[in-house]
Amino acid sequence: MQGVYNKIGLFGFGCVGHGLYQVLQAAQDAPFLIHKVCIRDATKERPVHDLEFTTDKESLLYDPAIKIIVELTSDPDAALEIVTTALRNGKSVVSANKKMIAEHLPLLQRLQEQYGTSLLYEASSAASIPIIRNLESYFNRDNILCIQGILNGSTNYILHRMFTEQCTYAAAFAEALQSGFLEADSDNDILGYDSRFKLSILSAHAFGRYISPEQIWCRGIQGITKEDAHFAQRHGYVIKLIAGAKRSAIGIHADVAPHCIPVGEPLAGVHYADNGIQLESAFAGLQFFKGTGAGGIATGSAVWSDISAVSEGYRYRYAKKQVALPVGIPDVARGPEEEPPLLQDTLLRVYIRYTGGSFIPEELFEEIEEVFTRGATSYCIGTAQISALQHTNILQDDRVCILVLP
Ligand code: HSE
C-alpha cells in the first residue's frame, strides 16, 4: 500500500467492526489504515485475512504510530478501560458503545478537557443518522424543545414484522437476531434499555443536560400482543417504541415507552430496522431525520465519518452549556452555566390492557376515559402520572401492555 495513512487501532471485530472494514475497503482512497485489531478470542475464525489480529490491547494503546483508537467491542467495562486509557495517552478515540458512553459521559467529558483529546461517538445513538453532529454543530445556538425518536432498530423491526406483516414474535425475533441487529443480551433491546442509553447521550447534546440512564423512566415492547395492535389499528395508530425528552417551562423530562403514533406522522412511517428522530427547536421548528438504525455497514459508515472528523481535529463542544438561551422562548430562567432541572414525573395519557386475572387499580389513574372488557381481557384508557405507574407492580406482569396515547 502506498501513501500516507492515519493508522487506526481497532478494538472488536463483530458486526460493526466488520462493517467498518467493508466501508474502508470500498472507499479505496480513504487515508486510513486499520493497523491492528485487538480481539478477545484468537481462535475464532475471522472473515478477513489481510488484517493483523492480536489479543494484546497494550500493543494498540501504547503504539505511538496509532493516533486513532476505534472502540467497537460489545463489553461496556472493557470499552471504558480502552477509551479512558486511550484518551489519557493523548489518542483520538471513536466509540459506538452506547451503554459505556451513557453511563460515564461526565467522566469522558472531563478526560477530553483534561488531556486535550477528542472522543466522537455518532454511531452510538442512531447508527447511520448524523444526529449528534447536527445537534452539536448546527443546532448549537438554537433552543431544542423536544427530541423524540425510534432509536432501536431491532424492536422497530419486530413491531413492524409482527403488526404490519403479520409475522409471529418468534420469527421476527429470529430474523432480527440473524441480521445482527439484536444485542447479545436481547433484553437490552426488548426492555427498552438500549433506547434509554441512546436518549441519555442525545439529551446531553440537545439540552446540555446529562441525564443518566437510571433517571429515565423506561418501558419496552414486552407484553404487546395482536390485541393491542388491533386496538391501535382501529384508532388509526401504529405502535412504536419511542424515546423522548421534552423541555418545558419548568425543566426537562425524558422517558422511553411504546407509543401509539397516528398513521401519517413521520415516526409512523419508520419501518423495519430504520431509526427516525423528530426534533423541535425554537427557531428551526420541526425537523425529521430517518435512516438505517442498525447493522454493520450503516453503523460502520457513522464510525468512518467520525474517524475522518477526528483526524481533522473535530471535537464535541457540548455547546449548550456555554450559550445563553434565545430571547422570547418559553423556558426556565437560567444563566448560561445553569442546567435546567430534571423532572422525574409527568402525566401520560395511556392505554393499559390486562388479560387473565391481572388487575389494574383504578387509583392509578388521575382520570379514566374508557374501560372495556371482553372475556378475559380488559383495557382502561386514562391519564396517569409516571410515579403512579412505577409504584404499582403491574408493569412487572407480562400479561399487561401499556401504550402511551397521543
Ligand atoms: N441493538 C441495537 C438496535 C443495535 O437494535 O438498535 C444498534 O444500536
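These legends walk through close-up views of a predicted model.

**View 1. Helices α4 and α10 cross each other.**
Start with α4, which covers residues 98-115, and α10, which covers residues 193-207. Their axes lie 9 Å apart and meet at an angle of about 50 degrees, so the two helices are oblique to each other. The crossing of α4 past α10 is left-handed. On the α4 side, the contact is formed by Lys-98, Lys-99, Ile-101, Ala-102, Glu-103 and Leu-105. From α10 come Asp-194, Phe-197, Lys-198, Ser-200, Ile-201 and Ala-204. Sorted by class, this contact holds six nonpolar, one polar and five charged residues.

**View 2. Helix α4 also packs with helix α3.**
Here we stay with α4 and bring in α3, residues 76-88. The axes of α3 and α4 are 10 Å apart, at an angle of about 10 degrees. Angles under 35 degrees count as roughly parallel, and α3 and α4 are therefore described that way. Look for Pro-76, Ala-79, Leu-80, Val-83, Thr-84, Leu-87 and Arg-88 on α3. They meet Lys-99, Met-100, His-104, Leu-107, Leu-108, Leu-111, Gln-112 and Tyr-115 on α4. The contact of α3 with α4 has ten nonpolar, three polar and two charged residues.

**View 3. Six strands form an open, parallel sheet.**
Follow the strands across the sheet in the order β3-β2-β1-β4-β5-β6. At the edges you will find β3 (53-54) and β6 (119-120). Each of these two has a single partner strand, so one of its sides has no neighbour in the sheet. For β3, look at its pairing with β2 (residues 32-38): the two run parallel and are joined by two bridges. Within this pair, Cys-38 stands opposite Thr-54 of β3.

**View 4. Strand β15 pairs with both β13 and β14.**
Our last stop is β15, residues 377-385, where eight of the nine residues are buried. Strand β13 (residues 347-355) pairs with β15 in the antiparallel sense over nine bridges, and Val-350 faces Gly-382 of β15. Strand β14 (residues 367-374) is also antiparallel to β15, with seven bridges joining them. In that pairing, Glu-370 stands opposite Ile-381 of β15. Strands β14 and β15 make a hairpin with two residues between them.

How values were computed:
Residues numbered from 1 in each chain as written. Predicted model: local features only at pLDDT ≥ 70, side-chain atom pairs only at ≥ 80, totals over all residues. Heavy atoms only, no water. Axes fitted to C-alpha atoms, helices over the stretch in contact; angles between N-to-C directions. Helix = DSSP H or I, 4+ residues; strand = E, 2+ residues; numbered from the N terminus. Parallel < 35°, antiparallel > 145°, perpendicular 65-115°, else oblique. Left-handed = near helix turned anticlockwise from the far one by under 90°. Contact = heavy atoms within 4.5 Å. Nonpolar A, V, L, I, M, F, W, Y, C, P; charged D, E, K, R; others polar. Buried < 20%, exposed > 50% of the residue type's maximum accessible area, 1.4 Å probe, protein only. Pairing = 2+ DSSP bridges.
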